[in-house]
Each structure stands twice: as structure tokens, then as C-alpha cells.
Amino acid sequence: MFRCEGFATPAADQPLSPFSFDRRDVGERDVKIDILYCGVCHSDLHQARNDWQNTVYPCLPGHEIVGRVSAVGPAVTKFKVGDLAGVGCMVASCQNCPNCADGLEQYCDNGFVATYNGVEPQTGGTTFGGYSEAIVVDEGFTLRIPDKLDLAAVAPLLCAGITTYSPLRRWKVGPGQKVGIVGLGGLGHMGVKLAHAMGAHVVLFTTSPNKAEDARRLGADEVIVSTDPSQMDAHANSFDFILDCVAAEHDVNAYLNLLRRDGTMCQVGAPEKPLSVAAFSVIWKRRSFAGSLIGGIAETQEMLDFCAEHGITSDIEMIDIHDIEAAFARMLKSDVKYRFVIDMATLKGATQAA
Ligand code: NAP
Ligand code: ZN
């Protein structure tokens, strides 16, 4: 074991604060990564506040991790000390079930091990995430980071990037298709960039009219203010695919009704309360309402390589880790442009006084 510093919360109603804890030593197949940057996903906020009723405390979030390898186990083949490396939402899975065999570890029949709030198979303890100085991860769940992209802006690709890339690929988004992205936050802005790079006609739905200009700069061909019924009605029965990236309660039927025959709306946003689909929203026009969870490890590597090829990274606001609660508060107000990323250098010494 070695001592590690991070930021964690002891309870749903408590702020994140400096926290010292032990990490396992580097095993046979492990890489140790000194964390340089970690993105702030809305899931971190849901989890810290126990929105999904499954948080184990203390909770140390963070699953958009990039850093430099500082140690490797004897059986590691993909990484050497000094390499850049990334970790997303998963750190292990059973590797035996049909879903793991298909490279879809996120759908592991025995439950993948989440980067935080999971049960670490090597120790039986709770996993702690990327709001910390270092992490030890099996090389099979460690991603190679393209070196020609801005490192801090790559971090959000590890969750926001893959969570939007995977469904866009699954439903074969490409030229000639009209694709809607709902919500211009961390996930949504990656959805806009990626769908644009895949050649689709991209339409952003937003509740924030002041984001329209940014949306066009990011790759949207059209912007619809979703609170204006006349703008919504003008697009009835016209979308091939809609990706819903909204973190709060909202009416999904308003978007389902904009799908053309056989169109699909895919939910990636995960509000705490159930979403309600009216039967006729899908019966008419034989529409589908689907969901998607992050992406497998191989597909995450494919996404990183796609982003390197197309020069795609996240638009970020860098923060000091001491400002994490202020970042959470802004996130709740849909005021993020378009992903907060923690500069982990600001962690140094944070817990020494604690
Ligand atoms: P985020 O940065 O906070 O963005 C969410 C966006 O949703 C906001 O910027 C806002 O965009 C829109 N929005 C907020 N409240 C709304 C409301 N009441 N009605 C309509 N739109 C609203 O969050 P994120 O990090 O992108 O995460 C989004 C959601 O995806 C979260 O629930 C997160 O837990 C989930 N998630 C799921 C997966 C998965 O694997 N499925 C992976 C990661 C995250 P506008 O201002 O443009 O309206
Ligand atoms: Zn996430």
C-alpha cells in the first residue's frame, strides 16, 4: 500500500474536502499513473450527492483521468514508465461473460468495476477515482493517449467522449442523416463535435439560448431552443437519430415526436427520477427509445484515435481542486463551457494540514 492524497466527501450533504487514503501497490499487470488532469462529469456530482441512491462513502469521484505512467508491473506490455495514459469509467470486469468477450465490458454480466464507488477485486475495498494524485489500474483498462492533442482537453474524452461516440457509431450516424443532440453540457458538446466529424447534419437542442453561437462554432448546423414550441414543431417527424444528454428531469416525448419513421432516440443522460415515455410517442412511426452506457475499452481506444485523427478535444475550463464545489454549483445551473477539468498540480499539499 502507499499513501495518496485526494478530494472526497464523507456524506451526501457534505462538500468534497482533502482526504488521505491508501492505494494498492502495483501488481503484475498494473500501471501506476501520476494524475495530471481529471475531468468533472455530472455523474461525479450525482454520485457525490447520492442522487442514484447507491453511493458508498467516503466517495472520491473522477473518471476522466489522464497522466503519466510512473511504475509498471512485471507482466505489463503496453506501457512503460514515462508514457501518457488514461483511465475512464471502468477499472475491471469479469473477462469471462459473453459481453466481456465481445469487448463490451461496460455491460459485463457480473458487473464492471467502476473507477470509483466500485468494489476493487484486488483488495475488496471501495474504488477511489481520479480526484487524486495517482491511481493503480490493470493495463487492460488503461488507454493509450495520443500525444498530439492538448492533454487537459483530452481528459473529458474518457467519459463524455466515449459515451457519445459509442451510440453515434452503434446507430451508424453519418452523411445524409439529421441528428439531434439534446443539451450542450459536457456530453452534449462532445456529441455535437463527434456527430459533425462523422458527417451528419447536426441539430442542437438547448434550454440556454445564449449557447447558440457556441453550438454553431462546435459543429451544429442548426440550433433549436427547446422551450419554444414553435421551433420544436417546425422539426416534427424529421430526425433519424436523437442523443439525449440531459442530466435533469425533462419530457422525452417532446423529442421522440421529432423522430421520423423508424428513428431512434438514445438516452445517455441519467436524471435521478424515471423518464416517462408515452406509448403513442413510439407507436406512431414505429420509433425506438434506447439507452447506452459509456463504451468498451477497445471502442474507447478507437474513439481516442478518431479524435486524434480529426483534431477533436473537449472545450474546457481548468479549475483548482479547491474550487470543485463551486464547479458543481455551476454545473447544476447548466453553466459549464463545456467541461471543468481539475489541474491536479493544485492538489499538492492540500491534505498535509488535514
Ligand atoms: P452537464 O455538463 O451538466 O450537461 C447537462 C446539460 O443538460 C446542461 O448543460 C443543459 O444543457 C441540459 N439541461 C440541464 N437541465 C436541463 C433541463 N431541466 N431540461 C433540459 N435540459 C437540461 O452534464 P454531463 O456531464 O454532460 O452529463 C449529462 C448526464 O449524462 C448526467 O446525468 C450524467 O450522469 C450522464 N452520464 C451518462 C453516461 C452514460 O454512460 N450513459 C456517462 C456519463 C454521464 P442546455 O443548457 O444546452 O440546455
Ligand atoms: Zn462520466
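Colleague: At what angle do helix H4 and helix H5 pack?

Modeller: Helix H4 (residues 160-170) and helix H5 (residues 186-197) pack at about 50 degrees, with axes 8 Å apart. Helices here are DSSP runs of H or I with at least four residues, strands are E runs of at least two, and both are numbered from the N terminus. Axes are lines fitted to C-alpha atoms, for helices over the stretch in contact, and angles run from 0 to 180 degrees between N-to-C directions.

Colleague: Before we go on, what are the ground rules?

Modeller: This is a predicted model, where local features need pLDDT of at least 70, side-chain atom pairs count only at pLDDT 80 or more, and totals for chains, interfaces and linings use all residues. Residues are numbered from 1 along each chain as its sequence is written, chains are lettered from A and ligands numbered from 1 in the order in which they are written, and side-chain values use heavy atoms, leaving out hydrogens and water.

Colleague: New topic: which residues does a cis peptide bond join, with omega about 0 degrees?

Modeller: Tyr57 and Pro58. Pro58 sits in the loop between helix H1 (42-48) and E4.

Colleague: And Val66, buried or exposed?

Modeller: Val66 has 0% relative accessibility, so it counts as buried. Buried means under 20% relative accessible area, exposed over 50%, and partly exposed in between (1.4 Å probe, protein chains only). Val66 lies in strand E4 (residues 65-72).

Colleague: What about phi of Arg286?

Modeller: Phi of Arg286 is near 50 degrees, a positive value in a residue other than glycine. Arg286 counts as exposed because its relative accessibility is 57%.
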